[in-house]
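User: I have a structure to go through and would like to start with a single side chain. Please set it out first.

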Amino acid sequence: MPTFNDFYFDSSTGKNHIHVRRCIPDVPVRGYVQIMHGIAEHIERYDDFMQFLAENGFVAVGTDHLGHGKTIEAPEQKGFLADKNGWDYIIKDEEILRRAMEKTYPGIPFILFGHSMGSFMARTHLIRYPGAFDAAIISGTGNQGAALVGGGLFMGNLVTALKGAHHYSKFLNNLAFGSYNKNYDKPRTEYDWLTRDEEVVDKYIADPLCGFIPTCSLFRDMMTGVKFITNVDNLAAMKKDIPVYFMSGDMDPVGECGKGVKLAYENFKKAGMKDVSLKLYKGGRHEMLNEINRAEVYSDILAWINSKI
């Protein structure tokens, strides 16, 4: 059986300690997968996926980002990245981990997997550290228009300036997530947009480390990242021969039910990326790793990785 272990490293902030979870195969190692999780969740929600990867020969590793999971060391850190430059810090933290793992596992393919906010992080990483990974999987992403991004960033900056970086804004939270259930008939909970699997939704709701309202500065920081990755001029910095796989549900509100995912995919192709593919799962919502057809999703991810390494 694969084994899990946990460790910490010093964050690029110089103040925090980043929690890392790793799943190690008990079969010959074929590659390494670094997972970047989404907003208001944590890396242990990926245990099943990590074990699947390890069973197929891949070391699976992921952090709890600043303000998330076991990286939280005090109540005021929950949902908080930094007073300023928070997006820079979480991207740097992922590169610190990658470089450490490269020393531990030299000479094997390194694959990046980013989901939701983690997909925005992954896309930022591909631009800022071109060639650091050998392949990338972008899950549950979106590609909002410039006006929407600009408005979101303005509101994040405004509320942060008025209320302080640690303020928890129900207004911003509703602005970001309040409309996500609108495409579903008679939603059972406010988190039905995550997945059709009701058990997963109920566990998410019951988990104190999930679904919390992030600080207004985290919204500001995330929108800073979204603005960076949706500026097509920045995409030119990516290493052109890295295979990239976009995957999403066609009922995922984060990706505007496929519209935003397709736009991101097309922008990568226009930027000269040589190997970009896209799969939209019919009826799938935001968390395809937790959807009712997750076995199919796992299998597709493994097949894609195997075809690229």
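User: Is F49 buried or exposed?

Analyst: F49 is buried, with a relative accessible area of 2%. Buried means under 20% relative accessible area, exposed over 50%, and partly exposed in between, with a 1.4 Å probe and protein chains only.

User: What should I keep in mind about the model?

Analyst: This is a predicted model, in which local features need pLDDT of at least 70, side-chain atom pairs count only at pLDDT 80 or more, and totals for chains, interfaces and linings use all residues. Residues are numbered from 1 along each chain as its sequence is written, and side-chain values use heavy atoms, without hydrogens or water.

User: How many aromatic pairs turn up in the whole structure?

Analyst: The search returns twelve aromatic pairs. Rings of Phe, Tyr and Trp (its six-membered ring) pair if their centres lie within 6.5 Å; planes under 30 degrees apart are stacked, over 60 edge-to-face, and the rest tilted. One of the pairs joins F49 to F113, with 5.1 Å centre to centre and 50° between the planes, and is tilted.

User: Which parts of the chain does that pair tie together?

Analyst: F49 belongs to helix 1 (residues 47-55) and F113 to strand 5, so the pair ties together parts that are 64 residues apart in sequence. Helices (H or I, at least four residues) and strands (E, at least two) are DSSP runs, numbered from the N terminus.

User: And what is the relative accessibility of F113?

Analyst: The value for F113 is 0%, so this residue counts as buried. F49 and F113 also belong to a cluster, linked by ring pairs, that takes in F52 and Y298.

User: What about F177 and W193: what sort of pair do they form?

Analyst: F177 and W193 form a stacked pair, with 6.2 Å between the ring centres and 10° between the planes. This pair links distant parts of the chain, 16 residues apart: F177 lies in helix 5 (residues 170-177), and W193 in the loop between helix 5 and helix 6 (198-206). W193 has 7% relative accessibility and therefore counts as buried.

User: Staying with helix 5, is N174 buried or exposed?

Analyst: N174, which is part of helix 5, has 52% relative accessibility and so counts as exposed. N174 and I213 are 39 residues apart in sequence, and their C-alpha atoms are 9.4 Å apart in space.

User: Now the charges. Which ring does R285 sit over?

Analyst: The charged end of R285 sits over the ring of Y184, 3.9 Å from the ring centre. A charge sits over a ring if NZ of Lys or CZ of Arg is within 6 Å of the ring centre and within 35 degrees of the ring normal. R128 lies over the face of F228, with 4.9 Å to the ring centre.

User: Let us turn to the strands. How many residues of strand 6 are buried?

Analyst: Strand 6, residues 135-139, is mostly covered, with five of its five residues buried. A135, I137 and S139 point one way from the strand, while A136 and I138 point the other way, and all are buried.

User: Which strands does strand 6 pair with?

Analyst: Strand 6 pairs in the parallel sense with strand 5 (residues 110-115), over five bridges. Strand 6 also runs parallel to strand 7 (residues 244-249), and four bridges join the two. Two strands pair if DSSP finds at least two bridges between them.

User: Last topic, the backbone. What is the phi of S116?

Analyst: S116 is not a glycine, yet its phi is positive, at about 60°. Most residues other than glycine have a negative phi. S116 is placed in the loop between strand 5 and helix 3, and this residue is buried, with a relative accessible area of 12%.

User: And where does C257 lie?

Analyst: C257 is found in the loop between strand 7 and helix 8 (259-270). C257 also has a positive phi, of about 55°, although it is not a glycine. The relative accessibility of C257 is 29%, so this residue counts as partly exposed.
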